[in-house]
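Colleague: Before we discuss details, could you put the model on the screen, so that we can go through a few of its features one after another?

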Amino acid sequence: ISHAVIPPFRIENRSSTHYLRLIQDDNEAVVFELPPMFSCAYTWDAPLGKKKLRAVVIPKERSKVYELEEALKQERVEQDRGRDNEEYDEMIDTDDESIISEITKEPLFDSLFSRGSRTDARARQLNKTERYRSPRKRAVFTIHSRSYSMTKVGNQADLPCPSSKESEFGLKDMSSNLFTHIRIVSGTKILSFSDSTWIADQVRSGILRKGGNFKNAVCDINIEGFGLYIMDDYPREVMAMVVRDIQLGKPTGSIELTARVRHFQVDAMLPNARYPIIIEPLPLGVDRREPIMKDSDSSDVILPENVDKGDCFWMQNEEKPVPVLEMACSYVPQVNMTWVPSLIIYICPLKLQIDVDYILRVLGMVVNSIFKYQDDVARNLTTTSHANDSLSYITPGQLNICMTYIEKLYIAPVYFEMELNLKSDDHDEGDSSLTLHSIAQTTNSAAVAALLSWVINVGANFAHVSPRFQYSHIAYSNQYCDLFDILIEIVKSYIFQTIKQGYKVVFSMQLLGDPSYLFHQYKTGVRDFFTESRAEIAAGGKDGVGKGVSSLAKNVVGETFFTLGKVTGGISELLDSVVTNDTTSNYLKPKSASSNGTRPDNAVHGVVEGTKFLGQNLVHGVAGLVGNPYRGAKSGSAAGLAKGVASGITGFVVAPVVGALGFVAKTTDGIGATTRYLDLSVIQARCRPARMVPWGRPMSDNGLAYLKAIGIRVHTLRYQKARKRIIQKDDNDKDEGNNEDVTSKEYKRIKAAEERRKNPPRKLVSIMHEKQKYHYITAPIRPKLLTDAPGNLVTSHYALTFEETIILRSHDLQLGDTVAINIWNHHGLKAATTRRKPLGVCKLSVGDIYSSVLNFYKEQLGRKESTFSDETTLTDSLILPTPQEYALFKPCKKEKREMDIFDAIGEELAAIEKSEEDKFGLFDSDTSESDSDDSSFLGGASGKTKEVDLSNVVKTNEKLFGSVSLSFFPIQW
């Protein structure tokens, strides 16, 4: 061990007078001693024994060095002094190796070497004798000895020793102590015994943490982010993993490195995904702290000197959220090891929404891709050419492992919200070899495959759970080990805590109403009711009143209705899955009765949704009486026909029950949402819309990597209003301004019309994402009359200046979606009903808006790139979103269509025939052009349809109302 480059341990005796005797706490260990101001490398004599080292202070007279010196003196006296020194010198000068070897075997040869060589040789001889070894070993295990564990770093138990005066007079009392300390330097643990606490004070004060060149270095790294996207063979985006705003900073003169990861998100990019966002951080507010480096310029937009940032409306929504991961790490450069004085980690609470069927589809696609492009790799055979080489002693510090010394490690408590759903979505498309239903279909028997699919479909209703896991903090101190070992310990700690919280999975079933979350909300509501109310009474109402009552209503009353909705919705889905098989059609079938994150906005909306669900279930049940047996008969077997008949009859019987339970679920969800109507919530969105790729073309570049929302600036609006010329009823030839023979009733009518012409009612603009069905409105503005065009029809032109920003944010925003810009009368919007129509409508696709946003982003990006070029000078021009004019049209008149039961059955059969034509159309392209419209009941005579002239429809309905000026800009947070 003395020849090891990096010994695992080193023992230091920093005392100036005391001798130390040490031994491992094991029967097979060897005693060794350290004189004052000596040190030695050490490793365990018995690697499988106790990993503790025992030490004791001994007098000088009992030390090995003293006894060896006395023994050597006695040998020198007994030696023959009459040997001729000259003859001995001649023998030394000879070149004969045999003579030299004989001389070295002489007993007096050791006395000719230095004192240290003679001592070491004699010590080895004495240690082999039981007469000398046993007393020394017994002398270590005394009441004054101490045992030290080399795994702990820092101050250790003091070692008793005699004081300086007691040592001088030869007394054996142990009235003083040697201060013991363990530290790590260059991959070696050092056990130090000192007369004072100087070395421990140096370590504690951090003087040994000089940092070297690392302390003088500066680090300022800002990475906008990176993304990993999974695509299929169409191609289309399936999944995206995005990490954003990575910051690394270390100022000069410090050894602490700070790292921040602002955002992490995993999205399901398909438009029909049940959960658009798979992993996302829970919103904790806005991070208004200063950047890590105070001198760092974190501005994303370059502004001229004479422009105030507050005047730039497209820069008012750039506040960043709290980082999802924040780490502060101190580092001291060391040879052959990593020294981390402190490591503190904070992790933001996360929300996981896992659709198992969707994840299995992605995994199946990835697995198939790996096996598709896998190359045959030859295995390297291990040779045995070095099997007979001599073994070398290798310490852990010499291995190619990352030995790390961490003085302080702290991981803050972590909180996870999870929603797990095993039930497949009926609207999913695509094939995969790893979905639950495809696994059931792998059996050879069709009956067994159908039974397994039915069992999986029914059992998935019990596997819709939403547990919430909370993990306590993790703290380590003075750990010296392999970095991977401590990572494994951390993972094990989280696994054990997850197992302990396994009961939350059972008590979070949606079919049971998630009782664990209900109990938590009850506790929160009652606690807030008493604490908040007491605080409001003590403050005398200065900070507002009603917070406790609001929390009680929201968490107790509202959550009770939500739980009732989960139970009834779960039972409704369970009954529906029991009577559903492969002959059941999804056409005309309503969506799930449970909310699945899309609850009604209020009680009225809940009643409307529940009534719609009930009606659709009844229609679907009646249509299934004909459709299910028809599909079963198309299979060509009696078993298929029997299955279709049974499914149709049971579906017809159960449909009213399923619809009624769904009605209760939707209604109670709406009542529960009413208690939270005034709560502010954050709409979580994908990092960006999925890219659209035409068939046969490669995937386009990711132009705008992050687009959480779209900012729409409403500048001005111009419209025209045509009115009939106001004349008197009795005398049509009289001019409007002649009021001599005007009655009071006509006078009031004329005055009111003139007042409406000059001062029309206030107007506002609403922007609605048609998929989301939610209006984002502006403040009402009074129109200003510009000009009048006289004639039989008086046409008045008006203008409105809004200069207001609306943020369009949706959890499922796709480029093919439609955005409607509507103009309303202010009093009309307040009294809005289902029959109320806007005055003017303009519909845009998200793709058109995205192209405008992308152009603005590229201009800003080009300006940033120009600042890094020395040849380009920055002009004083300001890059701002370009306003664009869009036409507003009066809303089209919709024809009412009343559907009865026979129409629903006809559409059911038409959908069956259409699906069959699509299947054959995959093999024959001409079949897709078939113009057959036989969709009547049971394939009877087709009804005659009236051909509609589209040009006349356009002329009738497209009436220009006005124009609106809009500009678009990206919102990346």
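Colleague: How many bridges join strand β2 and strand β5, and in which sense do the two pair?

Modeller: Helices (H or I, at least four residues) and strands (E, at least two) are DSSP runs, numbered from the N terminus, and two strands pair if DSSP finds at least two bridges between them. Here β2 (residues 19-24) and β5 (residues 52-58) pair in the antiparallel sense over six bridges, and Gln 24 stands opposite Leu 53 in β5. This is a predicted model, in which local features need pLDDT of at least 70 and side-chain atom pairs count only at pLDDT 80 or more, while totals for chains, interfaces and linings use all residues. Residues are numbered from 1 along each chain as its sequence is written, and side-chain values use heavy atoms, with hydrogens and water left out.

Colleague: Which strand order does the open sheet have, and which strands stand at the edges?

Modeller: The order of the four strands is β3-β2-β5-β6, with antiparallel pairing. Because β3 (32-34) and β6 (146-149) each have a single partner strand, one side of each is left without a neighbour in the sheet. Neighbouring strands of this sheet are turned by 30° against each other on average, direction ignored, where axes are lines fitted to C-alpha atoms, for helices over the stretch in contact, and angles run from 0 to 180 degrees between N-to-C directions.

Colleague: Which residues does Lys 721 contact, leaving aside its neighbours within four places in sequence?

Modeller: Contact means heavy atoms within 4.5 Å, and on that basis Lys 721 is in contact with Val 794, Thr 795, Ser 796 and Tyr 798, those neighbours left aside. Lys 721 lies in strand β24 (residues 709-724) and is partly exposed, with a relative accessible area of 40%. The C-alpha atoms of Lys 721 and Gly 962, although 241 residues apart along the chain, are separated by 9.3 Å.

Notes: Buried means under 20% relative accessible area, exposed over 50%, partly exposed in between (1.4 Å probe, protein chains only).
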